[in-house]
Amino acid sequence: MNRRNFIKNGSLSLAALTILPRNVLGGNNFIAPSDQINLGLIGCGAQGRGLGPTFASKPEANVIALVDCESLRLPFTQDLIEKATEKAKGQAFKGIKLYGDYKEMLANQDIDAVIIATPDHWHAFMTIDACKAGKDVYVEKPMSHSIEEGRAMANAVKKYERILQVGNMQRSWRNFRQACELVRNGYIGDIKEVKVSVGPPPVKYNLTGQPLPKTLNWERWIGPAPMNPYNEELIFPLERRGFPNWREYKEYGGGMVCDWGAHMFDIAQWALGMDDSGPVEFIPANPKKQQPLTMRYANGIIMTHEPFRKADGNAVRFIGTDGVIDISRSFLDTIPAKLQDQVIGDNEIKLYHSDDHYSDFLDAMKKRTQPISTVEVGHRTASLCQLVNICYELDRPLQWDPVREQFLFYDAEANNLRSTPYREGFRLNE
């Protein structure tokens, strides 16, 4: 057989091979190369170092690129991902590409989607740029740093026909889904009040400057946000474990109202069927009268931001005419108690069922369907958190139109807070 005939016949053989049944090629666990999803991770901090190995462990996914402005983090995270891949699949993925600039990574045509695990002030820019580059997006919560950013992100996802999953992973936990389905199906009667227990709003940056590590590109970390002096509370050294404290400062995060609120207010919205809306009125807290910050939905349901089980931290309480449900990551308590194990019938309201937030995103990518926590869901949840922070900042009653996403009565002061200021040279598109 001459070379030309060998190539021709070999090509025909390979073509035939690609249409063989999956079970012939290696059983139900076999993943064909065409089914593999290549991911790039942007942000190798504490959250990124968890997400990277998690995604890399999925049979259908490879993490093939990393981005960070702190060069020491890149090989460290690469090692974690290689070990996780080898443990899950028997062989580590080699050849992970390392970048200091996320835009260079977005030019990599081998990447199908990006995981954004940066501080909040970068989410919108990176998401929109990724959509323009034809990448799907998994972005950490809170999805955005301002109300206008969230709407711009939603517009970009729609315009470029991308799949986006927000890291509100409690929606993929059984107990949270159970609590929300109990509320939706009226097991505790009509909902009269919801209490959301999360931490405080952010403060203005007030840390003193420290010597800048030579391995850190501070300009790139700051990006579109106001420039402030470096302090390791914003970006922990590699040897310091835990989550850094940039979340506490309004220039880069939204305080615990946005950080944990993106989880707990999210569950409140899901249970109330308000994923495409939000409260219409915000009343500031009055510490002298021991009154918490209070919100009212158009249907009359009241929601407050206040601790109700202080020892248990972040949680949600639903108060109905016929019972009460308390839900957090550590408990699901109900009155009546039997509701904890109530089986939701086939003829009742059943919410999107996901048992794995990360696989749900990958499945949505393959099927080109909407995941459990869409860009609109993430936007409405983040907006609610941001509205709470605006009410704390202005310390006066506010009227909100969730359809037009504007404060009523030409409230220019409040409406200006729907956006966040950017440094010169940065402009939000879409």
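Please keep in mind that the model is predicted.

**Two helices side by side**

Let us start with helix 6, residues 123-132, and helix 7, residues 147-159, whose axes come within 9 Å and cross at roughly 10°. Angles under 35 degrees count as roughly parallel, and the two helices are therefore roughly parallel to each other. On the helix 6 side, the contact is made by His123, Ala124, Phe125, Thr127, Ile128 and Cys131. Their partners in helix 7 are Glu149, Ala152, Met153, Ala156 and Val157. By type, the residues of this contact comprise 8 nonpolar, 2 polar and 1 charged.

**Helix 3 and its cover**

Next comes helix 3, which spans residues 46-56 and has Gly48, Arg49, Leu51, Gly52, Pro53, Phe55 and Ala56 as buried residues. What lies over them? The cover includes strand 1 (37-42), strand 2 (61-67), strand 4 (113-116) and strand 5 (136-139). Helices take part too, among them helix 4 (73-89) and helix 12 (357-367).

**His357 in helix 12**

Helix 12 is also where His357 is found. With a relative accessibility of 2%, His357 counts as buried. Its side chain reaches the backbone oxygen of Val166 at 2.8 Å, and a polar contact of 2.8 Å links it to the side chain of Ser172. Beyond its neighbours within four places in sequence, His357 is in contact with several residues, including Tyr138, Gln165, Gly167, Asn168 and Met169. Ile372 and Ser373 are also among its contacts. Although His357 and Ile372 are 15 residues apart along the chain, their C-alpha atoms are separated by 7.8 Å.

**Ser328 in a loop**

Ser328 sits in the loop between strand 12 (324-327) and strand 13 (332-335). Is this residue buried or exposed? Ser328 is buried, with a relative accessible area of 2%. The side chain of Ser328 reaches the backbone nitrogen of Ser330 at 3.0 Å. Setting aside neighbours within four places in sequence, Ser328 touches Phe176, Met264, Asn314 and Ala315.

**Cysteines**

A disulfide is a covalent bond between the sulfur atoms of two cysteines. How many disulfides does a search of the whole structure find? The search finds 0. Cys69, for instance, is in no disulfide, and the nearest cysteine sulfur, that of Cys44, is 9.6 Å away.

| Residue | Relative accessible area |
|---|---|
| Cys69 | 15% |
| Cys131 | 1% |
| Ser328 | 2% |
| His357 | 2% |

Note on methods: Residues numbered from 1 in each chain as written. Predicted model: local features only at pLDDT ≥ 70, side-chain atom pairs only at ≥ 80, totals over all residues. Heavy atoms only, no water. Axes fitted to C-alpha atoms, helices over the stretch in contact; angles between N-to-C directions. Helix = DSSP H or I, 4+ residues; strand = E, 2+ residues; numbered from the N terminus. Parallel < 35°, antiparallel > 145°, perpendicular 65-115°, else oblique. Contact = heavy atoms within 4.5 Å. Nonpolar A, V, L, I, M, F, W, Y, C, P; charged D, E, K, R; others polar. Buried < 20%, exposed > 50% of the residue type's maximum accessible area, 1.4 Å probe, protein only. Polar contact = N/O pair within 3.5 Å; in protein donor to acceptor, adjacent residues only side chain to side chain. Disulfide = S-S within 2.5 Å.
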